[in-house]
Amino acid sequence: MAEATKMNHEASTTGPAGAAADEKARIGAPSSAPAAIAGFSEEGESLSELNTGSIQHGLKKHSHGNAPVVPEASRGERLKSYNLSDFAPLTGREEDWRFTPLNRLRGLHTEPLTGTGPSVQVSGASNIQVETVGGSDARIGSAATPEDRISAAAWAAADGATVVTIPANTVADAEVTVTVLGADKAPAAQHLIIEAGAFSTAVVVLDHSGSVTLAQNIEIVVGDGAQLTVVSVQEWDDDAVHVSSQQAKIGRDARFKHVVVSLGGDLVRLTPSSVFTAPGAEVEMYGLYFADAGQHLEQRLLVDHAVPNCKSRVTYKGALQGQGAHTVWVGDVLIRKEAEGTDTYEVNRNLLLTDGTRSDSVPNLEIETGLIEGAGHASATGRFDDEHLFYLMARGIPEQDARRLVVRGFLTEVIQQIRVPALEERLALALENELAAGNL
Amino acid sequence: MSTLEIKDLYVSIVTEQGSKQILKGVSLTINTGETHAIMGPNGSGKSTLASTIAGHPRYTVDSGSITLDGEDVLAMSVDERARAGLFLAMQYPVEVPGVTMTNFLRTAKTALDGKAPSLRHWTKDVKQAMSQLRIDADFAQRNVNEGFSGGEKKRVEILQLELFRPRFAILDETDSGLDVDALKVVSEGVNREHAKGEMGTLLITHYTRILRYIKPDFVHVFVDGRIAEEGGPELADRLEEEGYDRFAAATPAVEA
């Protein structure tokens, strides 16, 4: 008798959005030359049969139209397994890989993940525990099960894990910084576990930099009544490839905040998820991404309302500039039959700063019960709002400064959620550098 | 003493049906220290005049001129006009998410003056101006116009007027949507700035009630993109009694 509703509002936008028609009304927007990323069709489908990113194949429309793929009926039915062999090799036709240029994964989906991988260093709070454990440790698998082939490959290949534990009833005496520093581009795997004990409070920053070809699994356990913030910062070098599954299991009455900041790397694909396991919990998931020329920044989220009376809010914001800058945001929210009293809202906003950029935004909402507080989603992708520019310029602010002020304003909302002053400052500066690099 | 001179101005906008003429030969001269009220029915082109002076890209000037002490305003970009001393208090101020009022006001002041204001004086000035306009102190930390009520947005426009000290202020229906108390507060702000004797004011309004608080030296009645009648403050009184009907009857081309 389940009453099921599925909503999907898919939108692909290439910059500049609808520019030709209102040429007159523009104060200082990019030129209206038709723009697209080489190799992508207008529908946002696969690049080609093997998702190779080649121009010739990419122009073919509906390239997965003849493929024998059965779309999943529900996000909740997606295959989960610890065994790599359960996942078929990737073709690029899979629903969850269709936007990813597989040829730029540098073998992460095909090669053995035997590289040394990035180093891990944990600093900050003194009243927490940091351990390096072997593959048989019972905590491995306590919050996550791989949902795609690369995650499963990383699970099998990682030699143990780094475990950060905030003991129960403990307030971490400083933020915890996990510095992940890459120096080797051989395909590698990594496994991290963050466990916040019952009624503990902590902020954990995952600080990624350097150069890698990395498949990563991050498990996050948020104990009953715990208040945990996890910030994942991707300030990789230009050539980095990073595929990261970040799954959180949320306990009773817990508060979990997850913040993604993706600035660097050639290809970054994050799949953060929050799964409620007991009532009364609240989750906030924020994201900020700034894609420059040629960069592919992808984030696919899941919020799984499997129990009653939980609340979730998702806010992701992105800016794109330069030829071939591509961002993908897919936000799946699942409200299962049992999840009465659910309150959820997710929003994605993208700002196309120049020609030649492409943003894909796909909010999905599946509702299996009508007895909820609220459920909604919104997605908007556009150029600069000319009225914002006019308002600021009418106060004497030159166009370039006005643009920067607006972009800064657009994105700092997410940075302000971090609430670690030193990191907020650093990221604000990094944003300024991005803006300066784009001559904005 | 400065002069803002509008001469035989023709302005059109592009609509889906093609180009449409809104202003059909407007001439108007405003000097420092003067207050001019422009009144008229909906659709008569009052707001078009305001936006054209400020340089909104939606409006195309077909012919005529706008000069500020002889300088060609139409040749200036939007920000250059503001820096030349023109200020438009907008009818519908937009929300600018993520940009705090504090940051916005300081950035604009710096751009207008060509140098950053002395922090100590500036903070004091902002506080005082906000309190005079009965704007809550916590608005400084809120994003520009975000979540402000209609009345709050109008007060914030006048706050900017007082802080930026323009040579000419154009108030585009600043009174619409204000209750009597807010109308008084806003009018006092305009009068305070006007009393300093360094500003000319162009007050655009649909109603006469704001003229009880801000006394115009000249009243111009706008009908169908032209000035149909001009006079002193007594013209406003007549309009209050008679309304715009007699103008509408005289010019059947008016679109409401």
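Analyst: Here is the domain contact, with its setting first. This is a predicted model, in which local features need pLDDT of at least 70, side-chain atom pairs count only at pLDDT 80 or more, and totals for chains, interfaces and linings use all residues. Residues are numbered from 1 along each chain as its sequence is written, and chains are lettered from A, ligands numbered from 1, in the order in which they are written.

Start with chain A. It has five helices and 18 strands. These are DSSP runs, numbered from the N terminus: helices are H or I with at least four residues, strands are E with at least two.

Now the domains. Domain 1 of chain A covers 5-14 + 112-383, and domain 2 covers 386-440. Such bounds come from an automatic or database domain assignment. The C-alpha centres of the two domains of chain A are 24 Å apart.

Next, the contact itself. Domain 1 of chain A gives 21 residues and domain 2 of chain A gives 17. Two residues are in contact if their C-beta atoms, placed from the backbone, lie within 7 Å.

Look at the domain 1 side. The elements of chain A giving two or more residues there are strand 7 (201-222), strand 8 (227-236), strand 10 (255-262), strand 12 (282-291) and strand 14 (311-320). Strand 12 of chain A has the largest share, four residues.
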